[in-house]
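Here are my notes on this entry, as numbered points. Please read them with the model open beside you.

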Amino acid sequence: MTNIKHSWAEPYKIKMVELLKMTTASQRKKAMKEAGFNTFLLKSEDVYIDLLTDSGTSAMSDRQWAGMMLGDEAYAGSRNFYHLEEVVKEVYGYKYLIPTHQGRGAENILSKILIKKGDIIPGNMYFTTTRLHQELAGGKFEDIIIDEAHDPENEFPFKGNVDLNKLQKLIDKHGAKKIPYVSMATSVNMAGGQPISMKNLKELRALTKKHGIRVIHDMTRVAENAYFIQQKEKGYQNKSIKSIVKEINSYTDGATMSAKKDALVNIGGFLAVNDWDVFEEARNMVVVYEGLHTYGGLAGRDMEAMAIGIGESVNDDHIKARVGQVIYLGEKMLEYGVPIVKPIGGHGIFVDAKKFLPHINQDQFPAQTLAAEVYLDAGVRTMERGVVSAGRKANGENYYPKLELVRFTIPRRVYTQAHMDVIAESVARVYERRNKIKGMKMIYEPKYLRFFQARFEKL
Ligand code: F0G
């Protein structure tokens with residue numbers, strides 16, 4: 001009996017549960033209408049399984065909760081800051097730490113320091129807040145991810161890779177002086193949680209070094225990226241997640257972090273850099289936008305929970321179960337014939353709304369429509385990652401992204417395998433009645449990051 005499989009299972013047991021409200025179809029219909037068919041505007045009480053995001057939605061461990069009781073709530077010099085600083089150095093390998101209230105706080109500070117008006121910021125696909133801060137600082141984002149990333153069907157294992165030819169062309173066209181840094185994300189969110197390979201990263205380092213260009217790492221989901229390297233890249237099978245994470249970081253000059261993801265906390269983030277001069281500027285700026293440089297908008301207890309969470313996030317058993325659960329859900333959906341982005345990524349399943357609802361034009365918001373329909377079926381809340389999320393260019397034109405997706409994001413350590421079954425079955429039911437689903441029109445559009453607050457009506 002050699003072919004019995006080794007299933008993953010959670011390396012923890014459950015000590016406390018949070019009770020959920022179950023809703024009826026008519027309650028959900030009313031709630032969705034009141035929310036303007038935008039899942040961001042639903043009350044969380046009306047949601048059964050919440051897959052809106054994996055951000056700030058993780059379950060903390062008993063150790064993290066114990067750490068919360070050790071919060072040193074001093075305005076300056078909290079011992080939790082020094083603990084966090086030590087952990088960031090030890091686990092991530094970056095020299096200097098500036099805590100921020102969450103990831104976008106770090107993006108704001110970093111963009112303001114490094115970007116001058118007219119600069120070009122190449123990156124492996126945009127992320128909403130990251131690109132907006134780059135633009136607000138006067139820069140222009142240029143997508144240099146490999147073409148495969150824009151194709152949901154392409155099964156290349158490292159769809160987060162940078163296309164070095166695209167980068168070289170930008171350098172030739174604008175000159176390296178116009179490129180303050182390459183914005184490199186691990187586990188590329190908008191592509192479906194797709195990893196970058198270590199080989200690609202090393203090549204990126206070599207090319208940027210030659211031209212004196214920094215690499216700034218969006219390390220929000222770096223441990224999940226490390227898992228795919230361990231599983232799929234030659235030479236890494238016997239390396240620990242911790243050592244892979246540290247190696248990834250070693251090819252970069254600094255990082256912005258939303259600790260609300262990988263690092264298993266409900267709030268928090270940081271900027272971490274190796275250059276003293278950037279650190280010095282950031283330390284000046286953090287007091288304007290976030291708080292003193294030893295708390296950056298966080299309570300002492302938040303920094304303690306983050307320090308402990310970072311340690312747990314690079315544990316091999318943790319990450320195997322975390323990504324294992326995502327893959328379990330993805331494979332279930334595939335069994336039902338639901339079109340999803342392949343390969344399955346690290347933090348969620350991304351359903352291809354263009355394929356799911358081919359009769360709905362991108363101007364009529366197929367992904368937004370599908371997210372609303374999924375909620376109506378069984379109370380599962382997901383998020384649009386398509387034309388609404390992409391927003392408008394500086395000149396007011398809509399971005400039309402190739403990817404029109406609905407993200408089923410799995411919070412870490414929160415839901416069980418039975419929840420995954422309920423989700424897949426619900427999506428399969430919506431898929432069965434897909435031909436009857438009609439698109440929507442936008443009736444309210446906010447100026448920035450419109451996906452958060454836009455409102456829609458059924459056509
Ligand atoms: N970078 C990436 C890759 C992200 O996924 C996020 C947040 C941020 C930066 C910004 O961090 O929210 O702490 O300010 N992503 C969340 C999501 C909101 O649902 O994907 P933040």
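1. Start just after H5, where glycine 138 adopts a positive phi of about 100°. Keep in mind throughout that this is a predicted model.

2. Helix H5 itself spans residues 128–136 and is mostly covered. Seven of its nine residues are buried. The buried set opens with three threonines, Thr128, Thr129 and Thr130. Arg131, Leu132, His133 and Gln134 complete the set.

3. Next, the ligand. Its shell holds 17 residues, and Thr53, Asp218, Ser258, Lys261 and Arg407 come nearest. By class, eight of the shell residues are polar, seven are charged and two are nonpolar. Which helix gives the largest share of the shell? Helix H4, residues 103–114, with three residues.

4. For threonine 53, a side-chain N or O atom lies 2.7 Å from a ligand oxygen. Threonine 53 is also one of the residues that come nearest to the ligand. For glutamine 102, the distance from a side-chain N or O atom to a ligand oxygen is 2.9 Å. For arginine 221, the corresponding value is 3.0 Å. As for cover, the ligand on its own has 470 Å² of accessible area, and the protein covers 95% of that.

5. Now histidine 347. Where does histidine 347 sit? In the loop between helix H12 (316–335) and strand S9 (348–352). Is histidine 347 buried or exposed? Its relative accessible area is 0%, so histidine 347 counts as buried; the cut-off for buried is under 20%. Its side chain has a polar partner: asparagine 189, whose side chain makes a 2.8 Å polar contact with that of histidine 347.

6. Last, the surface. Tyr12, Ile14, Val17 and Leu19 make up a nonpolar patch there. Together the four have about 470 Å² of accessible area. Tyrosine 12 belongs to the segment before helix H1 (25–34). Why is tyrosine 12 classed as partly exposed? Because its relative accessibility is 35%, and partly exposed covers the range between the buried limit of 20% and the exposed limit of 50%. Patch membership asks for over 30% relative accessible area, so tyrosine 12, at 35%, is above that cut-off.

How values were computed: Residues numbered from 1 in each chain as written. Predicted model: local features only at pLDDT ≥ 70, side-chain atom pairs only at ≥ 80, totals over all residues. Heavy atoms only, no water. Patch = residues over 30% accessible without salt bridge, like charges linked within 9 Å, V, L, I, M, F, W, Y side chains within 5 Å. Areas by Shrake-Rupley, 256 points an atom, 1.4 Å probe, with all protein chains shown as cover. Salt bridge = Lys/Arg side-chain N within 4 Å of Asp/Glu carboxyl O. Helix = DSSP H or I, 4+ residues; strand = E, 2+ residues; numbered from the N terminus. Buried < 20%, exposed > 50% of the residue type's maximum accessible area, 1.4 Å probe, protein only. Near = heavy atom within 4 Å. Polar contact = N/O pair within 3.5 Å; in protein donor to acceptor, adjacent residues only side chain to side chain. Nonpolar A, V, L, I, M, F, W, Y, C, P; charged D, E, K, R; others polar.
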